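Subject: Structure for you to look at

Hello,

Here is the structure I said I would pass on. Please open it next to this message and follow along.

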Amino acid sequence: MTLSVIENGQKRYEELAELDKKHFFHPSTSFKLQKEQGPGLVFTEGKGVYLKDVRGKEYIDSLSSLWNVNIGHGRAELGEAAAEQIKKLAFSSTFAGNSHESVIQLAAKVAELAPGDLNYTFFTSGGSESNDTAFKTARYYWKMKGRPSKKKIISRTKSYHGVSVGASAATGLAPFRDFPSLAPDFHYVDSSIEAIKEMIEREGAETIAAIISEPVQGSGGVNLPPQNFFKELRDICDQNEILLIVDEVINGFYRTGTNFGIDNFGIVPDIMCIAKGISSGYAPIGGMIITDRLKEELTDLTDGVFMHGYTYSGHPMCSAVALKNLELIEQEKLNENVNLMGAELLKGFQYLQQTHGGIGNIRQIGLLGAFEFFKDEESKTRYDEPFAPKVVAEALNNGMIARAIVYEGQDTLAFAPPFCITKEEVEKMISIVDQSISAAKNKA
Ligand code: PMP
């Protein structure tokens, strides 16, 4: 880059930063840091696994932004699909039984990909809305069956289910529940079958509507479930007449190397929530899929109207973009690349572990992976101050956007790169982490 390009970029950053500081209330951002430092990176472009900021610097997007840009950045075909739909039909209601072609085709595509008899999809604008819809549907189902006391929702510690009033009440990470008066009747349980059994015993199955779980927990640290967890959970839910909701917002649409995360664990939930990967973040869309059995029961149980719907449930442009996204991923076999590159990612983690001391708890499934930092790996002693954020800061200097997870005493670096990543790009990513760990250690 020439000096004038850098200077112009810096000038533009400063102009935008002033406005940002004054007017843009950011999600999940420190008020103080924004006020003092202004926005972090101001992005202008994306291509493949790379993002570019207003100063012209390129970064590898190691988390597909928010675990969502699965197809990779800069796919013009998705813009074309959006434009085509908007020109033809920008919006029409899906309330009161109305429909349109893109949403019908998308619902059919989702049914084709989803396991078992999960064939009936309600659309939303994202993950939180999908989970709220699932909680309301589960409670409504039991109410219609004449069992209104079955209303509690159980979720796992370290789970993340979103930030709407209901979804944050379900989130097992305490910092997200630091708001008074979230939704009632949510309970949290450790990720062991014993603990779940005890909770059902204590609360009484007659008070519990559903249990919600991510197949592989994402924001809580990329945590794989204990062995046999889902098979046993499915049995417990059946024995106690509790609905099983699986939150596929991060896992869904090939992230873990299978269509859905739950496909790795051989069971079919009653309700599945989706978002992110369905459109690779090119349009805000999510959904809740229910089984044919649940659909038939709901149909028989009520003659009234299901009084729940978002203006943008089944938005035409979002539906068209999601359909195109799924079509391109299949056509280009990017779903197959997930497992190939997942294996490369694991090799990279192992290389880092051999090169630097104090790396452990490596996990990887498809293109979802993480490892943790320890002052002493053998005794699992943590650093006094989390180390992962220091690596993230160095990685930013070195041209990579990385994600640290430090909730509840963890010290984790998480990875979920776009499915289009190549072997060379995985190696580049690992090499940046390698340099960044060394730099962070040198400053310690
Ligand atoms: N569930 C899970 C597992 C998620 O990871 C997220 C988002 N990170 C959500 C729900 C919430 O989705 P959204 O931010 O689209 O509301």
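Below is what was found in it, going from the whole chain down to single residues.

Please keep in mind that this is a predicted model.

The whole chain

The protein chain has 14 helices and 15 strands. Its radius of gyration is 22 Å, close to the 22 Å that the globule rule gives for 444 residues, so the chain is as compact as a globular protein of that length. Along the principal axes, the C-alpha atoms fill a box of roughly 70 × 60 × 45 Å. Of the 444 residues, 45% are buried. If you take the contacts between residues at least 6 apart in sequence, 72% of them join residues at least 24 apart.

The nonpolar core

The largest nonpolar core has 106 residues, and Ala138, Leu243 and Ile245 have the most contacts inside it. Helix α11 (residues 316-331) supplies the largest share of this core, eight residues. Why does the core lie between the domains? Domain 1 and domain 2 both give residues to it, so it lies between them.

Leaving out residues up to four places away in sequence, Ala138 touches Ala209, Ala210, Leu243, Ile245 and Ile271.

Around the ligand

There are 16 residues around the ligand, and those that come nearest are Gly126, Gly127, Ser128, Gly162 and Val249. The largest share of this shell, three residues, comes from helix α6 (residues 127-144). By type, the shell has five nonpolar, nine polar and two charged residues.

Ala167 lies in helix α7 (residues 165-170). Is Ala167 buried or exposed? It has 30 C-beta neighbours inside 10 Å, and 20 or more is the cut-off, so Ala167 counts as buried. Thr311 is 144 residues from Ala167 along the chain, and their C-alpha atoms are separated by 19 Å.

Residues in loops

Pro115 lies in the loop between α5 (101-113) and β4 (118-124). With 18 other C-beta atoms within 10 Å, Pro115 is partly exposed. Apart from residues up to four places away in sequence, Pro115 touches Phe260, Ile262, Asp263 and Val268. From Pro115 to Leu346 there are 231 residues in sequence and 27 Å in space, C-alpha to C-alpha.

Ala96 is in the loop between α4 (76-88) and α5. Ala96 counts as exposed because it has 7 C-beta neighbours inside 10 Å. Ala96 and Val305 are 209 residues apart along the chain, yet 8.6 Å separates their C-alpha atoms.

Positive phi values

Tyr254, in the loop between β8 (243-247) and β9 (271-274), has a phi near 85°, a positive value in a residue other than glycine. Tyr254 is buried, as 26 other C-beta atoms lie within 10 Å.

Lys333 is not a glycine either, and its phi is positive at about 55°. Lys333 is found in the loop between α11 and α12. Which label does Lys333 get, buried or exposed? It has 11 other C-beta atoms within 10 Å, so Lys333 is exposed.

Regards

Terms used:
Residues numbered from 1 in each chain as written. Predicted model: local features only at pLDDT ≥ 70, side-chain atom pairs only at ≥ 80, totals over all residues. Near = placed C-beta within 6 Å. Helix = DSSP H or I, 4+ residues; strand = E, 2+ residues; numbered from the N terminus. Nonpolar A, V, L, I, M, F, W, Y, C, P; charged D, E, K, R; others polar. Core = buried A, V, L, I, M, F, W, Y, C linked by C-beta atoms within 7 Å. Buried ≥ 20, exposed ≤ 12 C-beta atoms within 10 Å, placed from the backbone. Domains from an automatic or database assignment. Contact = placed C-beta atoms within 7 Å. Rg over C-alpha atoms; globule rule 2.2 N^0.38 Å.
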